[in-house]
Amino acid sequence: MINEPKIVEITDIITETPTIKTFKFDWDFKTLGMPNPGEFLMVWNFNNEKPMSISQINDNELAITVKNIGEFTSQLHNLEAGDQIGVRGSYGNGFNTDFENKRIIAIGGGVGMAPINAIATYLAENNEVEAISAAQTENELLFVDSLEEMGVAVHPCTDDGSFGFEGFATDCLSGLLEDRTYDYAFVCGPEIMMKGIFNILEASNIPGQYSLERYMKCALGVCGQCCVDSEGWRICVEGPVFEENKIKQITEFGKYRRDASGVKY
Ligand SMILES: Cc1cc2nc3c(=O)[nH]c(=O)nc-3n(C[C@H](O)[C@H](O)[C@H](O)COP(=O)(O)OP(=O)(O)OC[C@H]3O[C@@H](n4cnc5c(N)ncnc54)[C@H](O)[C@@H]3O)c2cc1C
């Protein structure tokens, strides 16, 4: 892990959807560390610095997948291959990857598919992996074809029914559970979606891990910005990934979070 930004050159940019781009860069695993799926990086564009999940872990290459929603992310979207960014990390408690010969369901909503892509790809080698890739509409769906190519059975799911299952990821999961079950689940997306998925999986006795987001500043566990009620766990150190027994102890899960000045909303 490196705690000061390493300046890297963007080697490739893939336009995934009208609002989401993937940025690839070289990362020497020997000197900079080999990240685990579910960990995140602090990305610096020489102006501001924000957390981004690792979406792909290739041979000495990493990728982040970024949704353009504000000032920082639109600045990233304006970059071109050959431009530089600063990257520090990787940080956080990533997904537990110790699974073999299991039936896995990996569920991602919107850009929450970024860490789900990394874990589903990783586990597909030794497990039977299915994924729900959920988005509002067809052209916002992420990683459907590339995951299929890796041997993952993908269930695309759109709110407006423009592609795949019509409805929310929760409805799609409930439908799948009518004729099958899973040993384990991995979940990332809007928290309201994760809360709904949590309730369904708990009722079906399916354990899982959930990747949370909170406003983050240092990512080093020092500033306390990303602490959650009521245990005070830091999303940047004890998280972003939590198992279901810990999720139950996060009393704010699915209810509220804090803005940059610590005010609840
Ligand atoms: C662990 C973690 C992993 C993430 N992974 C991804 C990812 O893979 N892809 C992706 O597109 N986004 C990811 N995000 C969210 C990403 O950090 C925000 O979308 C980004 O910071 C928004 O910046 P902005 O200036 O464009 O938008 P703003 O207009 O500043 O903010 C828009 C929204 O982004 C949130 N946000 C802003 N700054 C931060 C911050 N410092 N920390 C956390 N949230 C912030 C705000 O709460 C707000 O809801 C992740 C966040 C966390 C905490």
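Q: Where does Asn205 lie?
A: Asn205 is in the loop between helix H6 (191-203) and E12. Keep in mind that the model you are looking at is predicted.

Q: Why does Asn205 count as exposed?
A: Count the neighbours. Asn205 has 7 C-beta neighbours inside 10 Å, so it counts as exposed.

Q: What makes the phi of Asn205 worth a look?
A: Most residues other than glycine have a negative phi. Asn205 is not a glycine, yet its phi is positive, near 55°.

Q: Is Ala219 buried or exposed, and how do you know?
A: Here the cut-off to remember is 20 or more other C-beta atoms within 10 Å. Ala219 has 25 C-beta neighbours inside 10 Å, so it counts as buried. Ala219 sits in the loop between E12 and E13, and its phi is positive too, at about 70°.

Q: Why is the peptide bond between Gly89 and Ser90 called cis?
A: Look at omega, which is about 5° for this bond, and the bond is cis. Most peptide bonds are trans. Ser90 belongs to strand E6 (residues 84-91).

Q: What is the peptide bond from Asp229 to Ser230, cis or trans?
A: That bond is cis, with omega near -5°. Ser230 is in the loop between strand E13 (227-228) and strand E14 (233-234).

Q: How do you know that strand E7 and strand E8 pair?
A: Pairing needs at least two bridges between the strands. Strand E7 (residues 103-109) and strand E8 (residues 128-135) have seven bridges, in the parallel sense, so they meet that cut-off. To see one spot along them, find Ala106, which stands opposite Ala131 in E8.

Q: What joins E11 to E7, and what joins E11 to E12?
A: Five bridges join E7 to E11, running parallel, and four bridges pair E11 with E12, again in the parallel sense. Ala185 of E11 takes part on both sides: it is the bridge partner of Ile105 and stands opposite Gly208 in E12.

Q: Why is E11 described as largely enclosed?
A: Four of its five residues are buried, so the rest of the structure largely encloses E11.

Q: Which strands stand at the edges of the sheet, and why is one side of each left without a neighbour?
A: The open sheet has seven strands, in the order E10-E9-E8-E7-E11-E12-E15, with mixed pairing. At its edges are strand E10 (165-166) and strand E15 (241-243); each has a single partner strand, so one side of each has no neighbour in the sheet.

Q: Which helix lies across E7, E8, strand E11 and strand E12?
A: Helix H3 (residues 113-123) does, running at about 160° to E7.

Q: How do you know that domain 1 and domain 2 touch?
A: The domain assignment gives domain 1 (2-91) and domain 2 (103-211). Contact here asks for C-beta atoms within 7 Å, and 14 residues of domain 1 are in contact with 12 residues of domain 2. On the side of domain 1 that touches domain 2, E4 gives the most, with five residues. By class, that side has five nonpolar, seven polar and two charged residues.

Q: Which residues come nearest to the ligand?
A: Of the 21 residues around it, these are Lys50, Gly70, Phe72, Thr73 and Ala114. Strand E4 (49-58), strand E5 (61-67) and helix H2 (71-77) each give two or more residues to this shell. By class, the shell has 12 nonpolar, four polar and five charged residues.

Note on methods: Residues numbered from 1 in each chain as written. Predicted model: local features only at pLDDT ≥ 70, side-chain atom pairs only at ≥ 80, totals over all residues. Near = placed C-beta within 6 Å. Nonpolar A, V, L, I, M, F, W, Y, C, P; charged D, E, K, R; others polar. Contact = placed C-beta atoms within 7 Å. Axes fitted to C-alpha atoms, helices over the stretch in contact; angles between N-to-C directions. Domains from an automatic or database assignment. Buried ≥ 20, exposed ≤ 12 C-beta atoms within 10 Å, placed from the backbone.
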